[in-house]
Amino acid sequence: MTEPSTKPKSTRVSKVIMAPRQAVYQACLDPDAVAAWRAPAGMKGQMHVFDAREGGAYRMSLTYQKPELSPGGKTTADTDTFHGRFVQMIPCEKIVEAVQFESDDPRFSGEMTITTSLADTDEGTEITLLCENIPAGIRPEDNEMGSRSSLENLAVFLE
C-alpha cells in the first residue's frame, strides 16, 4: 500500500498583466483591492484587518457565493478564513506572506508561504504566485486553480 506523501506541496502560477509594476504592487497592498481580486471565481472576499508593512498582519475571509454549491469551507461550511503576516516587502518586486487557515481540521494547519514576485515584460508586468508548504488538506491542483483565478481577477481589476 502506498502512503500519502508527507513532502510539503507547492504551486507556482504566473500571468502577464497589462499594467505597470507600480500599479500591480499597489493592488497587492490595498485592502479593498485585495478583497476584490484575491477571491477565486465563485467566492467573495472580505478583509477584516490589513496592515500592509513588513511585520504587519491581515485577516481575510473568502465565502462561497452559492453555499449550496460549496465543497465545504475550511473554517465554516461555506467560508475560508485565514490570517497572515507580511514577512518581506521589496517595493515593486516581491511580497512574502506567511498564512495560516483558521480551521478545527488538522489537515489545514501549518503555515503556508505565499511569495508574490513582479517583473517587467514587453506587455506589462509578470506576476508570479509561489505557494509553499500547502496544508495537507488542500490539493495542489485546487490551490493552483484558485491562484490562477485570483490572477485573472487581478488582470480584470487593473486592465
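**Entry 1: what I am looking at**

I noted at the start that this is a predicted model.

**Entry 2: the cavity**

My search of the whole structure turned up one cavity of 30 Å³ or more. I read off about 70 Å³ for the space in the largest cavity. I then listed the residues lining the largest cavity: Cys28, Val34, Trp37, Arg38, Met47, Phe50, Tyr58, Phe86, Ile95, Glu97 and Thr116. Two or more residues of this lining come from each of α2 (31–37), β2 (43–50) and β5 (94–101). Sorted by class, the lining of the largest cavity holds eight nonpolar residues, one polar residue and two charged ones.

Next I turned to the open space. How much volume does the largest pocket have? I found about 780 Å³ for the largest pocket. Its lining counts 30 residues, and Pro40, Lys74, Asp142, Asn143 and Gly146 are the closest to the centre. I went through the elements as well: β3 (57–64), β4 (79–90), β5, β6 (112–120), β7 (125–134) and α3 (140–158) each give at least two residues to the lining of the largest pocket. Which of these elements has the largest share of the lining? That is α3, with seven residues. By class, I have 17 nonpolar, eight polar and five charged residues in the lining of the largest pocket.

**Entry 3: the rings**

I moved on to the aromatic side chains and found five aromatic pairs in the structure. I looked at tyrosine 58 with phenylalanine 82, an edge-to-face pair with 6.3 Å from centre to centre and 90° between the planes. This pair links distant parts of the chain, since tyrosine 58 sits in strand β3 and phenylalanine 82 in strand β4, 24 residues apart. Tyrosine 58 and phenylalanine 82 are both buried.

Phenylalanine 82 also pairs with phenylalanine 101, again edge-to-face. Here I have 5.9 Å centre to centre and 65° between the planes. Phenylalanine 82 is in strand β4 and phenylalanine 101 in strand β5, so this pair ties together parts 19 residues apart in sequence.

**Entry 4: isoleucine 127 and the core**

Then I checked the largest nonpolar core, which has 38 residues. Which of them touch the most other members? I wrote down Ile127 and Leu154. I followed up isoleucine 127, leaving aside its neighbours within four places in sequence. Its contacts are Val13, Ser14, Lys15, Ile17, Val24, Cys28, Thr116, Ser117, Leu118, Leu151 and Leu154.

**Entry 5: threonine 125**

My last stop was threonine 125, which lies in strand β7. Threonine 125 has a relative accessible area of 0%, so it is buried. Not counting residues up to four places away in sequence, threonine 125 touches Lys15, Val16, Ile17, Ala19, Pro20, Arg21, Val24, Leu118 and Ala119. I also looked up tyrosine 25: threonine 125 is 100 residues from tyrosine 25 in sequence, and the two are 9.8 Å apart in space, C-alpha to C-alpha.

Definitions and conventions
Residues are numbered from 1 along each chain as its sequence is written. This is a predicted model: local features need pLDDT of at least 70, side-chain atom pairs count only at pLDDT 80 or more; totals for chains, interfaces and linings use all residues. Side-chain values use heavy atoms; hydrogens and water are left out. On a 1 Å grid over the protein atoms alone, a cavity is a set of points where a 1.4 Å probe fits but cannot get out, and a pocket is an open set with protein on both sides within 12 Å along at least five of seven lines; lining residues have an atom within 4 Å of a point. Grid points are joined across faces, edges and corners, and a volume is the space filled by probe spheres set on the points. Helices (H or I, at least four residues) and strands (E, at least two) are DSSP runs, numbered from the N terminus. Ala, Val, Leu, Ile, Met, Phe, Trp, Tyr, Cys and Pro count as nonpolar, Asp, Glu, Lys and Arg as charged, and the others, Gly among them, as polar. A nonpolar core is a set of buried Ala, Val, Leu, Ile, Met, Phe, Trp, Tyr and Cys residues joined through side-chain atoms within 4.5 Å. Buried means under 20% relative accessible area, exposed over 50%, partly exposed in between (1.4 Å probe, protein chains only). Contact means heavy atoms within 4.5 Å. Rings of Phe, Tyr and Trp (its six-membered ring) pair if their centres lie within 6.5 Å; planes under 30 degrees apart count as stacked, over 60 as edge-to-face and the rest as tilted.
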